[in-house]
Structures are given as C-alpha cells and as structure tokens.
Amino acid sequence: MSPVFRREATATEPDAVTALFHEIGVRFSFDPTVPGFSYRQRQDGDGQLTVVELDLGGPFSSWGDTDVFGVADVRAASRYDWRTSDESGSGLGRPVLFRPGHPALIVGGALEVTNVNLAPALLQSVAETVYGTEGLSVAFGSAAPVSPRLGRYWTGLAGLVRDTVASEAFAADLVRANLTRHLAVAMLECFPLLGDPVERTLSMTAQARRYRIAVQFLDDHASLPISIDDAARAADTTTRALVRAFRANHPLGLTPTQYLRRTRLAAAHTDLLRADPTTGATVREIALRWGFAHPGRFAAAYRAVYGVPPRRTLDS
C-alpha cells in the first residue's frame, strides 16, 4: 500500500485555497463572496483514499472538475447548493457525489464538511471484481444518492471514517485497507451506478474449486492488507460469486469476510499466547497488527471464540 500521510493547512487568500484543492485532485476555483474569510483543511490518506476535513468561515462559490470520485458530507452549513450541467440540489441533509468529467458549481456559506475521495483506478477495480463488469468504465447517473436511506447510510459511514482517522488505527495498513474497500463498495451502492451488474454463472464444481483457491489465498496472506476482492481475483471469479461459493462449501456457511476475520482472530490469539507483557506487548498492538481497529469489538469477538478476555491470554 502507499504510505499514509497527514497534511494540515490554513489559508486566507483564494488562490491559496485553489492550490490546496488541486493537491487532492479537485481542480476547483474558490471565490469568497464577502471580504475576509477563514479556511482550514486537513488531509489524511494514501494513494487510494483521501479523507479531507474542511472548515470554511464565510460565504463562497467554487467551480471546477475533479480527478477523483469524491463524496461531500456536510456536517454544518448555512448553505450548500450544487449544480452540474444536467442537475442541481442541496448538500444539506444528504451527501453529494462529485465525478470526473462532470464540472460542478458550489455556492455555500460557512460550513464543516467531510470529503471522502477515492482514486478512479481503485473504484474501477472494485466494481469489476464485485459485479463482474470487466471492461466497463465506472459511471454514475447522478450526484445524489439512490435513496434517502442510502444517503443516511453514507453519512453514518462518514462518521465512522472521521472516528477512524482521528485514532491511531488509521495508520494500520489492514485497518485502512478494510476501510477503503468498504468505502468503495458503499460508493458503488449508495449512488446510481450506470449499467446492470453482470454475474457469472458458476457450476458447483467451479464453485468448489474457487472456494478452495480462495481459502488457501486467505490463509497464506492474512497478515497482509488484502481484501476479499483480492481473494476473488486469485480464484478468477467475482466477489459476489465467491460469496456464493463460500456459503455453498464452508461447513458453517461463512462468507469470505467472516472467514478472513476468523483467520486473523486466530492469528491474534497465537500472538497473544506467545507475547510477553513484561517486554511491552499489549493487546491493542496485537489487535491492530491483525486489522482490529476497535479494542472493545476485538475483545468481544475474542471472548466469543475463546471464552476469556484477550488480556487474560496475554497475561497467562
């Protein structure tokens, strides 16, 4: 994975704000509409995912295009109106998708907004794996969510993103990889993707074969920032087809995600047994190593499988 970064900046001149926009692949101009304004920006991410927190004081307008797929989730604002060549709307109360090749005008007031930006190559790769749409470019039919329910889902996910970025967990490769994949699938599902998903029909023999390949891949690479999409590629199938294969062939009917989580939990258990707390080893360190960002959830999952808190295993 690309190295994780964090950048913070403030600006008092419109040209400086425009330059900051360009750094994240957003080729927008910025024009405050009254004298004097404040602008603060923080970026966290890597080569595939960038989370941008913006805090603007005062009314403004902004016009331009983007090199990335980005969703703006406005947390507080007096105004946030957007317009493209064929539609318009308000970003108050629902997220807005900005797409390459669809220049947009934004007219807003003082606001706080979370922008989640994904690289086009990443979104294309996830779409091809999830839907089996090889060779079809990702394109959306609207900047607005598919439904109010899915708009609320994205807003809730944006809150999770902010919490993860604010913690040390975001720097962990496995945590960030899982979050990035979750965001990519959510973007594809929450906003109107053009074209019908194409699913491959697999025979039971092919399902069993791909299940075995995927299980071996997940076992061999659990310590790396892999996703279920990677397992699907290794098995030469789509993510949806791989889920079907797991449900048909795994003794407990686990999904690939559940299987990978259990594999990593078992690895964390082994590390806890081998670790020495007198040398500084901690439950949180081991949990993060295996992609578990939330200590409470890790402890609950661990107790459910092993019957004791992870701390007891470490101290034994």
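**Pairing in the sheet**

Author: Strand 6 (residues 69-77) and strand 11 (residues 111-118) pair in the antiparallel sense, over eight bridges. The model is a predicted one.

Reader: What makes strand 6 and strand 11 a pair?

Author: The cut-off is at least two bridges between two strands. Strand 6 and strand 11 have eight, so they count as paired.

Reader: What makes strand 6 and strand 9 a pair?

Author: Three bridges join them, in the antiparallel sense. At least two are needed, so strand 6 and strand 9 pair. Val71 has Leu97 as its bridge partner in strand 9.

Reader: How do you know that strand 1 and strand 3 pair?

Author: Seven bridges connect strand 1 with strand 3 (residues 38-45), again antiparallel. Ala9 has Gln41 as its bridge partner in strand 3.

Reader: In what order do the strands of the open sheet run?

Author: The order is 1-3-4-11-6-9, six strands with antiparallel pairing.

Reader: Why are strand 1 and strand 9 said to stand at the edges?

Author: Strand 1 (5-11) and strand 9 (96-98) each have a single partner strand, so one side of each has no neighbour in the sheet. From one strand to the next, the twist averages 20°.

Reader: Which strands does helix 1 lie across?

Author: Helix 1 (residues 14-23) lies across strand 1, strand 3 and strand 4 (49-57). Its angle to strand 3 is about 15°.

Methods
Residues are numbered from 1 along each chain as its sequence is written. This is a predicted model: local features need pLDDT of at least 70, side-chain atom pairs count only at pLDDT 80 or more; totals for chains, interfaces and linings use all residues. Side-chain values use heavy atoms; hydrogens and water are left out. Helices (H or I, at least four residues) and strands (E, at least two) are DSSP runs, numbered from the N terminus. Axes are lines fitted to C-alpha atoms, for helices over the stretch in contact, and angles run from 0 to 180 degrees between N-to-C directions. Contact means heavy atoms within 4.5 Å.
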